[in-house]
Amino acid sequence: MSPYRDRLVPLPSGEGVRVREWGGEGIPVLLIHGFLGGVEEWGDLPEALHGRQVTAVDLPGHGRSAGSTDPHRYRVPRVARDLANVQESLFGKPAIWVGYSMGGRIALSAAVEGVPMRALLLEGASPGIRDARARRRRQEEDELRARRMERDGAERFVDWWLGLPLFAGLARSPGEMRESARRMRAGQDPARMAAWLRGGGTGSQPSYWDDLSDLRIPVRILVGEDDAKFRRVAADMAAHLPDAVISVAPGAGHLPHLEAPEVWLAWVQESG
């Protein structure tokens, strides 16, 4: 018997998003993957969380969730509202939101917009880009990546993507883990992923830096020891947040939940 069940949760728009539920009793936890990810991102980790009611979601356009090739569908504030509806449908009360990378940006957007949360857990995530000129440069970079996805297809794009320095830690991980991460990402729809880069990329989302000081929920940040960029971002975020704690995963890069799973489990278990 499977330790989880998959089902579609309808949104007010009529679209459906796939969720994977591990059941259990206790505090609800909503897991939100990054770009090219899905409910498979978390592997067996949710089964090891105790006293938690754990659910992962396929973001719109990813995996088996409904999607579009319209970039506006993937604007970060809109997807944040989608997840607020998922929380209400599944739990009917505030959950611990755990967002990895792009999923962290979306979870932070929801928090800024006042979506009730028990706690906000951010893994390798940022509030966006402060400087308008830098955001425009990132938009141009995301457009080039979108064209690469459309030109090369998901398989070749993912080989290039996972070869970026950001994911160097994954290359040091066991072969089965690397292949599983690659297989899931290579299975995404190229047109939808290109639309995500255009609509939901870091260059297209609002900057939430000025909103951090207004957050009144616990924010817990996890970064890999070797993820220098996001360690700097985490320190800067913590300086602006009223209630923030940074945890560092030794020997990990940008994927602590894969590279340091025991650290990730303790981080989630002890939060909220």
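Me: Where does V9 lie?
Reply: V9 lies in strand β1, which covers residues 5-10. Keep in mind that this is a predicted model.

Me: And is V9 buried or exposed?
Reply: Buried: the relative accessible area of V9 is 3%, and the cut-off for buried is under 20%.

Me: What is V9 in contact with, leaving aside its neighbours within four places in sequence?
Reply: With E15, G16, V17, V19, S89 and L90. There's also S65, 56 residues apart from V9 along the chain, with 9.2 Å separating the two C-alpha atoms.

Me: Switching to helices. Why is α2 largely enclosed by the rest of the structure?
Reply: Because 10 of the 11 residues of α2 are buried. The buried ones are M102, G103, G104, R105, I106, A107, L108, S109, A110 and A111.

Me: What covers the buried residues of α2?
Reply: The cover includes strands β3 (27-32), β5 (95-100) and β6 (117-123), along with helices α1 (76-90) and α6.

Me: What follows α2?
Reply: G114, and its phi is positive, near 90°.

Me: Which residues have a positive phi although they aren't glycine?
Reply: L36 is one of them, with a phi of about 75°. S101 is another, at about 55°. As background, most residues other than glycine have a negative phi.

Me: Where are those two found?
Reply: L36 has its place in the loop between β3 and β4, while S101 is in the loop between β5 and α2.

Me: Are they buried or exposed?
Reply: L36 is buried, with a relative accessible area of 0%. S101 counts as buried too, at 19% relative accessibility; the limit is under 20%.

Me: Let's talk rings. How many aromatic pairs are there in the whole structure?
Reply: A search finds 8. One of them is F35 with W161: the ring centres are 5.4 Å apart and the planes are at 75°, so that pair is edge-to-face.

Me: What parts does that pair tie together?
Reply: F35 is in the loop between β3 and β4 (52-57) and W161 is in helix α3, so the pair links parts 126 residues apart in sequence.

Me: Are F35 and W161 buried or exposed?
Reply: F35 counts as buried at 11% relative accessibility, and W161 counts as buried at 10%.

Me: What about W161 and F167?
Reply: They form an aromatic pair too, and this one is tilted, with 5.7 Å centre to centre and 40° between the planes. Both W161 and F167 are buried.

Me: Which residues form the aromatic cluster around there?
Reply: F35, F157, W160, W161 and F167 form one cluster.

Me: Where does the charged end of R20 sit?
Reply: Over the ring of Y4, 3.9 Å from the ring's centre.

Me: Which helices supply its lining?
Reply: α2 (102-112), α3 (132-162), α6 (190-200) and α7 (228-240) each supply at least two residues of the largest pocket's lining. So α2 turns up again here, the helix that is largely enclosed by the rest of the structure.

Me: How do the lining residues of that pocket divide?
Reply: Into 15 nonpolar, 8 polar and 10 charged.

Me: And how much space is in the second largest pocket?
Reply: About 440 Å³. It's lined by 17 residues, with E40, E41, G43, S180 and L258 lying nearest its centre.

Me: Which elements give two or more residues to that lining?
Reply: α5 (175-186) and α8 (256-259). Of the elements, α5 gives the most, with 7 residues.

Me: Last one: how does the lining of the second largest pocket divide?
Reply: There are 8 nonpolar, 3 polar and 6 charged residues in that lining.

Terms used: Residues numbered from 1 in each chain as written. Predicted model: local features only at pLDDT ≥ 70, side-chain atom pairs only at ≥ 80, totals over all residues. Heavy atoms only, no water. Helix = DSSP H or I, 4+ residues; strand = E, 2+ residues; numbered from the N terminus. Nonpolar A, V, L, I, M, F, W, Y, C, P; charged D, E, K, R; others polar. 1 Å grid on protein atoms, 1.4 Å probe; cavity = no way out; pocket = protein on both sides within 12 Å on 5 of 7 lines; lining within 4 Å. Points joined across faces, edges and corners; volume = space filled by probe spheres on them. Buried < 20%, exposed > 50% of the residue type's maximum accessible area, 1.4 Å probe, protein only. Contact = heavy atoms within 4.5 Å. Phe/Tyr/Trp six-rings, centres within 6.5 Å; stacked < 30°, edge-to-face > 60°. Lys NZ or Arg CZ within 6 Å of the ring centre and 35° of its normal.
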